[in-house]
Structures are given as structure tokens and as C-alpha cells.
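Hi there,

Here is the model I promised to pass on, with its sequence. Please open it alongside this email and follow along.

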Amino acid sequence: MRFPELQALKIEVHPDTRRRHLDTISRAIRSNRAPRVRRLRLLAVAAALVLLLPVVALAAKDAVPGDFLYPIKRLTEPIVAAFDQDVAAQNRVAELESLLDANADVDMIREHADTARRTVGDDPILTDRIDRVVEDLVEPGRNRDPDAAERVVPTTAVTDDPISDTRVETDSTIQQRLTTTTVEETKRASERHSDR
Amino acid sequence: MSSLALLLPVEGVRITGLTERAHPLDAHVDGIRNTSETAFRAVYDVLADDLVSFAYGMLSDRRAAEDVVQQAFLELVGAARRFKGDGRALRAWLYRSVRFGCLDEYRRRKRRPEIPHDSVPDSAVFEDHMAGQFDPELEQALESLTRRHRTAVLLKHVSGLSGEEIAVVLGTTRRAAYAVVKRAETNLRARLGVSR
């Protein structure tokens with residue numbers, strides 16, 4: 001069945017209407033795309049931060065006041081402190097000693113010593129370490145351990161000593177213990193054993 | 001109606017015939033999925049006139065028809081990323097969206113009857129283009145059909161859709177679509193025969 005009458009219904013969109021429609025569609029496409037792009041960018045930044053944070057925190061671990069990464073170290077410290085309460089106090093004292101070893105500016109060391117004291121509180125060992133650094137500022141070299149740089153393991157001294165044969169410590173435990181002592185302390189220990 | 005459900009084959013509808021042959025819109029389907037402005041422009045250029053003609057036959061109001069077609073494209077912008085199918089499915093999607101837009105317009109008119117756009121004085125740009133294109137006798141004959149019959153006859157004789165495509169747009173089986181088209185043609189022929 002044919003309906004030639006219906007052919008009269010075939011019309012064309014007016015050029016102005018066509019332009020208006022296409023503009024509206026283009027705007028809709030752009031506004032539809034924008035939130036998606038924004039969301040993707042946000043996700044990319046978040047992912048980058050999550051991946052970079054541990055790397056930066058690790059790099060900032062040994063930073064001292066005045067270093068570029070020092071603020072990052074202070075920022076990440078509360079996170080580490082959640083697992084280790086004393087980390088901030090130990091860090092401040094270690095930084096203070098590093099500054100002294102690096103012959104940093106005296107005022108900076110004094111300022112950091114104050115900060116360290118506030119952080120350390122009443123911990124006697126850490127307070128003592130701070131005092132040593134401050135004393136060293138007054139009398140340079142007084143508290144410096146001349147052998148600190150060469151903490152050695154006197155393996156031959158111990159193994160050659162006949163007393164060492166009577167000890168039940170294994171070589172590995174001896175080595176572990178000795179790495180934490182200075183040469184003088186090792187000698188003193190050997191003397192005590194020989195006196196017995 | 002921007003639901004993807006429009007795309008999905010209704011139970012029992014065979015749409016294999018829609019995907020077997022190449023279609024001019026096939027080349028733009030990927031662009032549509034990626035919400036490419038170029039692809040949307042190309043699809044608009046290919047389909048806008050046919051869609052507006054179909055909607056014009058449904059609504060007897062050119063301005064309303066153009067608005068419905070624009071709305072269908074805007075809905076496609078929102079649903080583009082979820083679109084599955086080829087060029088023929090894309091065309092069926094748009095026709096179905098326009099059909100639902102026309103049904104919404106019917107409901108809106110029923111709630112709030114108003115003078116059709118075409119009967120009020122328009123701007124100079126559109127006045128000549130829109131005036132006196134709809135034959136009153138044809139309009140009366142179409143008005144006498146049910147909406148489903150009107151849709152079917154317009155899809156076949158104005159838009160030139162195949163039986164399979166009409167079935168997809170109507171959301172029914174191909175056999176049922178053929179039956180609807182047949183009854184619609186018989187009714188329209190009878191109405192036009194009476195009026196002429």
C-alpha cells in the first residue's frame with residue numbers, strides 16, 4: 001500500500017535550527033565530559049601522592065634543620081610516632097648531633113637544642129646527649145669520641161684469648177655485641193675476664 | 001527516556017537483521033561512544049531531517065518536533081558511553097527516543113492544553129519555513145489512528161524503516177510489527193478515502 005500523501009510530511013531542519021541544535025549538543029558533550037576528566041585528574045593526583053609519599057618520607061628520614069626535606073620529615077613524623085612514641089625525641093637529638101658533626105651554625109644548633117629539650121621532656125639519656133652537644137659548643141671536642149668513627153670488631157683479640165674458649169657465646173653473638181662497643185670497652189671486658 | 005533499556009532487545013525481538021548489513025552510521029558508532037563532537041554532528045546531519053519528519057507526523061507541530069529531536073540527541077549524549085550496537089541500532093535508538101519524546105509531548109498537552117507552536121505568529125526567520133505544510137485532511141486522518149498505528153505508518157512511509165527496525169522502535173516482535181503496520185495502513189487508507 002502506498003501513501004503519497006505522507007510524503008508531504010518530509011521536511012528539512014531549518015539551517016538556523018540545525019546550528020542551534022548542534023551548538024546545544026556540543027555544549028552538552030563538553031559539560032558531560034568535564035566531570036569525568038576532573039574526576040580522572042583528581043584520581044591521578046591522589047594516586048601519585050600515595051605512591052610518592054613513602055619515597056619522599058624515606059628520603060627525608062635523615063634530613064636536618066635547614067634541609068629542603070626537613071619540613072616533610074616533621075610532617076610525616078606523627079605517622080611514624082603512631083608506631084614508635086619516642087621517634088620524635090630520638091630524631092631531634094640525632095639531628096642535633098648531626099648538626100654538631102657538620103659544624104653547623106652555633107645559633108642554629110642552640111635553637112635546635114631548645115627544640116630538642118622540649119621534645120625530649122624528662123628522658124635522662126636523651127637529655128644527657130643534648131647536654132653533651134651544648135657543652136661541646138662551649139668547649140669544642142670535649143665530648144667527641146675520637147674513636148667513634150672507627151668502631152671496629154676485635155675478632156682476633158677475642159678468639160686468641162684462651163678465656164673466650166670458656167664462654168658459651170657464639171661468634172655471631174659476640175660480633176653483634178662488639179659492634180655496639182668501642183675498642184676500650186672491649187679491652188676492659190677482656191681484662192675483667194682475665195682477672196677472674 | 002535516556003535509559004539504556006531502549007537499546008536492549010525486548011524479549012522475543014529478533015534484531016539480527018539489524019546487524020548483518022552495513023549501515024552508513026556504522027562508521028560513527030565508535031565516535032558516538034567516545035562522545036566525539038564530530039561523530040554527533042555527522043549522525044545529526046544524516047538523521048535529523050528524517051527524525052524531525054517523523055516527529056512532525058506524530059505531533060503535527062514543527063517546533064515541537066524539532067525540540068523532541070534535539071532532546072533525543074541530548075539523551076544520546078548522556079547514554080553514549082553505554083551504547084552497544086551498530087549504526088542501524090543507533091538509528092533505531094534515536095527513533096525510539098523520539099517516539100518516547102512524542103508520547104511525553106502528548107501527555108504534556110493533555111495535562112496543559114495549549115495552542116500549537118505553528119498556529120501562533122513566529123519570528124520572521126521561521127515563519128516562511130513553517131507555514132502551511134501540514135494538510136488538515138491528512139492531519140485529521142492521522143489523528144484518527146491510535147498512537148501505535150500512527151507511529152507504525154509514519155516509520156514505514158515517512159522514515160522508510162524496515163520491518164525489523166519498526167519492531168525495535170515499537171518494542172515488539174517483527175511479526176507483531178508487521179501486523180500493526182498492516183492494520184495502520186488499512187485504517188489510514190479508509191480515513192483518507194473517506195475524506196477525499
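Below are my notes on it, chain by chain and contact by contact.

First, the ground rules. This is a predicted model, so local features need pLDDT of at least 70 and side-chain atom pairs count only at pLDDT 80 or more, whereas totals for chains, interfaces and linings use all residues. Residues are numbered from 1 along each chain as its sequence is written, chains are lettered from A and ligands numbered from 1 in the order in which they are written, and side-chain values use heavy atoms, with hydrogens and water left out.

Chain A has eight helices and zero strands (helices are DSSP runs of H or I with at least four residues, strands are runs of E with at least two, and both are numbered from the N terminus). Of its 196 residues, 29% count as buried; here buried means under 20% relative accessible area, exposed means over 50%, and partly exposed lies in between, with a 1.4 Å probe and protein chains only. Among the contacts in chain A with a separation of 6 or more, 47% come from residues 24 or more positions apart (a contact means heavy atoms within 4.5 Å).

The mean pLDDT of chain A is 75, and 68% of its residues reach 70 or more; pLDDT is the predictor's confidence in each residue, from 0 to 100. Over residues 148–170 of chain A the pLDDT is below 50, and this stretch has 22 contacts in the model beyond near neighbours in sequence. Where pLDDT is low, the predicted coordinates should not be read in detail.

Where the two chains meet

The contact involves 29 residues from chain A and 38 residues from chain B. Together the chains bury about 3,400 Å², 60% of it on carbon and sulfur atoms; buried area is the accessible area (1.4 Å probe) that two parts lose on being put together, summed over both.

Across this interface there are 12 residue pairs in polar contact, both residues at pLDDT 80 or more. A polar contact is a pair of N or O atoms within 3.5 Å; within protein, one must be able to donate a hydrogen and the other to accept it, and residues adjacent in sequence count only if both atoms are side-chain atoms. The side of chain A that touches chain B divides into 11 nonpolar, seven polar and 11 charged residues.

One residue to look at here is B:Arg62, in helix α4 (residues 62–79) of chain B. B:Arg62 counts as buried, at 2% relative accessibility, and its side chain reaches the backbone oxygen of A:Glu12 at 2.2 Å.

Salt bridges

Over all chains there are 21 salt bridges, and the count between chain A and chain B is four. The rule asks for a side-chain nitrogen of Lys or Arg within 4 Å of a carboxyl oxygen of Asp or Glu.

A:Glu5 and B:Arg189 form a salt bridge at 3.6 Å, N to O. This pair joins two chains, because A:Glu5 lies in the segment before α1 (15–59) of chain A and B:Arg189 in helix α10 (residues 174–195) of chain B. A:Glu5 is buried at 17%, while B:Arg189 is partly exposed at 29%.

Which residues does A:Arg18 pair with? A:Arg18 forms a salt bridge with B:Asp45, the closest N and O atoms being 3.2 Å apart, and another with B:Asp49, also at 3.2 Å, N to O. B:Asp45 is partly exposed, with a relative accessible area of 42%.

Within chain A, A:Asp131 and A:Arg117 meet in a salt bridge at 2.9 Å, N to O. Within chain B, a network of salt bridges links B:Asp61, B:Glu105, B:Arg108 and B:Arg109.

Inside chain B

Helix α8 (residues 147–157) of chain B is largely enclosed by the rest of the structure, because eight of its 11 residues are buried. Among them are B:Val153, B:Leu154 and B:Leu155.

B:Ala39, in helix α3 of chain B, counts as buried at 6% relative accessibility. B:Ala39 touches B:His28, B:Gly31 and B:Ile32, not counting residues up to four places away in sequence.

Notes: Ala, Val, Leu, Ile, Met, Phe, Trp, Tyr, Cys and Pro count as nonpolar, Asp, Glu, Lys and Arg as charged, and the others, Gly among them, as polar.
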